[in-house]
Amino acid sequence: MLKCKVAQLVEQAVIRAQRGGLIPSVALPQITVERPQNAAYGDYATSLPLKLARAARANPLSIAEEIAELIVPIPEIEKIAVAPPGFINFTVNNNWVVQQVESIRSVGEAYGDINLGRGSRVQLEFVSVNPTGPLHVGHGRGAVLGSTLAKVLTAAGYAVEKEYYINDAGTQIDAFYRSLYARYRQALGTPFEMPPDGYHGSYVMELAQEIIAENGDKFLSWSPEEAAWELGKLGLDKMLNLIKADLKLLKVEFDLYFSENSLYEGGQYQRVMSELGERGYTAEKEGAIWFVSSALGEDKDNVLVRTNGTPTYFASDIAYHYNKFSERNFDKVVNIWGADHQGHIARMKAAISALGIDPDRLRIIITQMVTLRRGGTELKVSKRGGDIVTLREVIDEVGTDACRFFFLSRAASSQMDFDLELAKKQSVDNPVYYVQYAHARISSILRFAQERGIEPSYGDVSLLTSQAELALIRKMTQLSEVIEAVADSLEPNYLPYYAQELAADFHGFYEQCRVISPDRELSAARLKLVDAVRIVLAKTLHLMGMTAPERM
């Protein structure tokens with residue numbers, strides 16, 4: 001990336017300036033090169049002189065001037081300028097800019113890929129919904145976030161594995177089993193009371209009726225415990241199949257579905273409990289076994305095994321992370337959790353630290369709630385209630401692409417409103433339509449040119465000199481920086497913003513520059529540019545898991 005080259009030039013100039021006594025010899029902070037908000041200041045800028053000035057208590061503008069004087073010129077950079085209070089700005093040579101059209105077309109779909117990860121192994125665990133009910137929009141947000149991050153991290157040079165953790169053990173599964181047994185009895189005309197902690201959604205009755213259609217009333221003769229267990233396993237498989245089908249509709253797939261039960265069957269749970277005990281991080285109090293997290297700076301200790309001998313969700317989660325780091329040896333693990341898991345982060349990091357694992361290797365993203373609206377009316381979502389609005393209903397109404405774009409449009413840490421009416425609009429008010437229409441318009445232009453025998457391959461990109469053309473190309477060259485930003489921050493909301501900006505620059509170019517004109521040489525050059533935009537816009541859409549339509 002040119003951005004990295006600029007950072008290296010700045011670093012080399014600072015070292016020369018310090019060695020020559022031109023600027024104070026203070027520790028060199030991390031050099032950041034960014035895009036100025038105002039294009040009048042150039043293509044890149046660094047605020048390094050301001051950082052050095054604070055450490056050295058010197059004039060930042062003077063430091064910037066000394067550094068700028070020692071930056072070695074390169075062909076890609078046309079101008080280096082210093083601006084108050086202490087910025088160094090870089091303007092890229094237009095000849096280099098237009099040549100990027102050729103680079104984009106030669107690289108194709110791989111354009112923008114970087115080798116930030118250098119092949120290090122990353123595990124992404126997301127969705128991981130208890131298989132006790134259908135997915136709702138909140139789950140969809142986490143699913144889209146995780147699958148998009150997987151695509152971006154792969155483009156950034158990481159080896160990514162996507163995983164769904166099946167919570168098929170514990171009290172919630174037990175409640176689901178007993179709920180299904182109650183509905184099974186009721187559906188066969190045998191009065192039976194729903195458990196107080198049961199699942200009351202209509203989908204439980206539907207599951208019971210499916211099982212009756214396949215198995216009849218044979219479980220009535222079984223003991224309640226055996227019948228609930230067998231019915232529960234059948235219902236669990238059906239719920240998992242339903243969840244997988246919904247995720248497939250959303251273009252979300254996993255490399256592995258990992259069973260919580262396997263942690264007990266495979267011995268990881270016992271190994272973790274033993275290791276924590278040997279390291280002095282467990283204690284027996286009030287008849288329960290506790291993780292002594294207070295020894296690691298936590299406010300309080302946490303229960304691992306309840307007084308009745310059953311492990312907590314926290315205990316199995318520690319075993320799961322032991323499996324990720326110590327057995328499968330992932331370099332980094334990224335978990336995407338719902339808002340109700342916020343309080344679980346610190347104790348989870350404390351637990352892996354107690355096992356001798358660097359807690360910085362674990363990144364946890366918390367997704368905030370989604371409010372579903374139809375225009376000005378809020379739609380309620382309740383997993384245990386009977387009036388649940390499922391993710392599938394939303395996908396069926398607005399489509400996969402709209403779902404994915406809207407879920408990505410806000411940072412995971414922000415609550416979001418999902419307006420179904422806006423998502424369906426076929427107008428520029430709908431950002432999904434606006435971006436995809438740009439790709440469809442490009443495809444139409446290329447078809448029109450092909451019908452008239454105008455071939456872009458012989459176009460001379462040096463003819464692309466207008467502001468609209470140059471601005472569009474400059475926007476395309478930012479794709480690798482967007483990929484880097486998403487990979488570093490794990491915030492894929494950069495992608496829909498970039499897609500909208502690129503679409504806006506293309507639409508602006510289209511309005512100002514006639515692509516196919518009597519000037520065949522200029523037409524060929526502009527067609528080459530349009531084809532490059534097609535590649536970059538399609539790549540951006542594909543990173544978001546969306547289609548790049550050729551007609552709309």
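Hi everyone. Let me begin with a term: a charge sits over a ring if NZ of Lys or CZ of Arg is within 6 Å of the ring centre and within 35 degrees of the ring normal. Keep that in mind as we look at this structure, which is a predicted model.

Here is a case of it. The charged end of Lys244 sits over the ring of Tyr257, 4.3 Å from the ring's centre. Tyr257 also belongs to an aromatic cluster, together with Phe126, Tyr164 and Phe254.

Now, rings with rings. How many aromatic pairs does a search of the whole structure find? It finds 21. Let's take one of them, Tyr264 with Tyr269: their centres are 4.9 Å apart and their planes are 45° from each other, a tilted pair. Are these two buried or exposed? Tyr269 has 9% relative accessibility, so it counts as buried. Tyr264 has 27%, so it counts as partly exposed.

Tyr269 takes us to our last stop, as it is one of the residues of helix α10 that touch helix α11. Helix α10 covers residues 268–278 and helix α11 covers residues 313–327. Their axes are 9 Å apart and the packing angle is about 95°. Angles from 65 to 115 degrees count as roughly perpendicular, and therefore that is what we call α10 and α11. On the α11 side, the contact includes Ile318 and Tyr322. Sorted by class, this contact has seven nonpolar, two polar and three charged residues.

Conventions
Residues are numbered from 1 along each chain as its sequence is written. This is a predicted model: local features need pLDDT of at least 70, side-chain atom pairs count only at pLDDT 80 or more; totals for chains, interfaces and linings use all residues. Side-chain values use heavy atoms; hydrogens and water are left out. Rings of Phe, Tyr and Trp (its six-membered ring) pair if their centres lie within 6.5 Å; planes under 30 degrees apart count as stacked, over 60 as edge-to-face and the rest as tilted. Buried means under 20% relative accessible area, exposed over 50%, partly exposed in between (1.4 Å probe, protein chains only). Axes are lines fitted to C-alpha atoms, for helices over the stretch in contact, and angles run from 0 to 180 degrees between N-to-C directions. Helices (H or I, at least four residues) and strands (E, at least two) are DSSP runs, numbered from the N terminus. Angles under 35 degrees count as roughly parallel, over 145 as roughly antiparallel, 65 to 115 as roughly perpendicular and the rest as oblique. Contact means heavy atoms within 4.5 Å. Ala, Val, Leu, Ile, Met, Phe, Trp, Tyr, Cys and Pro count as nonpolar, Asp, Glu, Lys and Arg as charged, and the others, Gly among them, as polar.
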